[in-house]
Each structure stands twice: as structure tokens, then as C-alpha cells.
Amino acid sequence: MDDPTPEADTRTHADTRARTAAHAHTHTHAHELAETRAFFAERAAGWDAKFPDDGPRYAAAIAETGLAAGQFAIDAGCGTGRALPLLRAAVGPSGTVLGVDLTPEMLAQAAAHRADAALVRADCTRLPLPDAAADLVFGAGLISHLPGPDAGLRELARVTRPGGRLALYHPVGRAALAARHGRPITPDDLRARDNLFPRLTAAGWKPLSYTDEPERFLVLAERA
């Protein structure tokens, strides 16, 4: 028998609002994933040729993460896999490297590095990994492409062991990247220190360092 009380009516309306909000979030998330896939799919084949000189910068960034032999590193949003051989060199033959990307065309390019890493097609906000598995999550150009950065940072924290690290990297700094795209840096830039650090902290990370220079952007954080 239906409950005719005002309290029951209030609960019904609250449940309806919650379902509507959840549906809207799911729709938005799916739309953002589709846009990201489309953007990178058409650029995958020529990506490395467009940025041929980034290798040494990637190597320098990975050297700063403290990644050691025998550890487990995730390249989140691995793209064409340019970081995978460098991560393999850091963990050695006894370590594990996993490349994760959403875009099949990017993973097809990354397949050239299968000797260095396993590859998985997945959404970085919903990783098919157990809790506290990784020693390092390396994300090159990742943060700006996460569909819901807060949820993404929480998911990266979930799969990282306490004391493990997150490296958010880009081979050019914020000003250089904005100039490349013909736009100014805006106050709401997600990668600005004052915007990013509170998000990291709320997601379970302890920010360690922030570097924003013309030829690199690198933020290191530790899993709290």
C-alpha cells in the first residue's frame, strides 16, 4: 500500500531529483569521453612526428618522480606511448608498467612499445585496477582531458598505494601551451597552483612540488 504521508511525498521527490542528477552526470561524462576520443583519434597517427623532440623532457620528468626498480608505474592517458620505454627503464625488468588510454587509435600507436608495457583501453576515471596497486601514476597532458577532474584525481588516488606518487606533466608550461593555442591564461585554468592544489588535497593527495616553466610543467604529489 502506498504511503500517503507528506514525508513519503518528500522522499519521492528527493529520489526523483537524485535519479535525474545521476542521469545528467552520466550523459555529460559520456559526452566528454566521446569528445576526447574524437579529438585524439584523428591526431594519433601524426602525434609523435608533430612533437619529435619531447623525449629528453619526458625522461627528465620521470627521473624526478623517484620511481625505482621493481615498482609498478601507470602511464595514465599514455597516448602513443612515448613515456612507456622511459618508465620501463626506471622500474627495470622486475617492475611493471601499464599504459592506459581511452582512444583505440592512440593505443594502436602505443602497441610499438608492447615490449615495455601492458596496454589497456580504459577511462582514467574508472580504472580496472585494485586499490593501492601502483607506486607511481604518470599523467602527461592528462589533467585537462579528464572528464571531471575531481573524480579523476580521486580514482588515481584509489589505485595508488599510500606514499606512492602522482606526476602531472606537460612538456611545455602553461603560458607556452596557451600561446600555442592562441589564447591567454585565464584565472580558472585548472593547472594553476591555486586551483590544482586544493583539488589534489581533496582527492587524497599531498602536493609536493609545482614547476611551471616555458619548457615544462610538472606537479608531484604523494598519496596521503
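Entry 1. I take a residue as buried when its relative accessible area is under 20%. The model I am examining is predicted. At 15% relative accessibility, Arg-174 therefore counts as buried.

Entry 2. I looked up the salt-bridge partners of Arg-174. One of them is Asp-189, with 2.8 Å from N to O. Arg-174 belongs to helix H7, residues 174–180, whereas Asp-189 sits in the loop between H7 and H8, so this pair ties together parts 15 residues apart in sequence. Asp-189 is likewise recorded here as buried, because its relative accessible area is 18%.

Entry 3. I then turned to Asp-212, whose side chain also meets that of Arg-174 in a salt bridge, at 2.9 Å from N to O. Asp-212 is in strand S6 and Arg-174 in helix H7, so the parts tied together by this pair are 38 residues apart in sequence. With a relative accessible area of 31%, Asp-212 is partly exposed.

Entry 4. I asked how many salt bridges the structure holds. The count is eleven. Among them is the pair of Arg-82 and Asp-48, whose closest N and O atoms are 3.0 Å apart. This pair links distant parts of the chain, 34 residues apart: Arg-82 lies in the loop between S1 and helix H4 (84–91), and Asp-48 lies in helix H2 (residues 47–50). I noted the accessibility of both partners. Arg-82 is buried, at a relative accessible area of 17%, while Asp-48 is partly exposed, at 35%.

Entry 5. I checked the salt bridges for shared partners. Asp-48, Asp-54 and Arg-82 are joined in this way into one network.

Entry 6. I next examined the largest nonpolar core, which has 30 residues. Which members touch the most others? They are Ile-74, Leu-153, Leu-156, Leu-166, Leu-200, Trp-205 and Val-219. The elements that each supply at least two residues of this core include helix H6 (149–158), helix H8 (193–202), strand S1 (72–76), strand S5 (160–170) and strand S7 (216–223). Strand S6 (205–213) is also one of these elements.

Key:
Residues numbered from 1 in each chain as written. Predicted model: local features only at pLDDT ≥ 70, side-chain atom pairs only at ≥ 80, totals over all residues. Heavy atoms only, no water. Core = buried A, V, L, I, M, F, W, Y, C linked by side-chain atoms within 4.5 Å. Buried < 20%, exposed > 50% of the residue type's maximum accessible area, 1.4 Å probe, protein only. Helix = DSSP H or I, 4+ residues; strand = E, 2+ residues; numbered from the N terminus. Salt bridge = Lys/Arg side-chain N within 4 Å of Asp/Glu carboxyl O.
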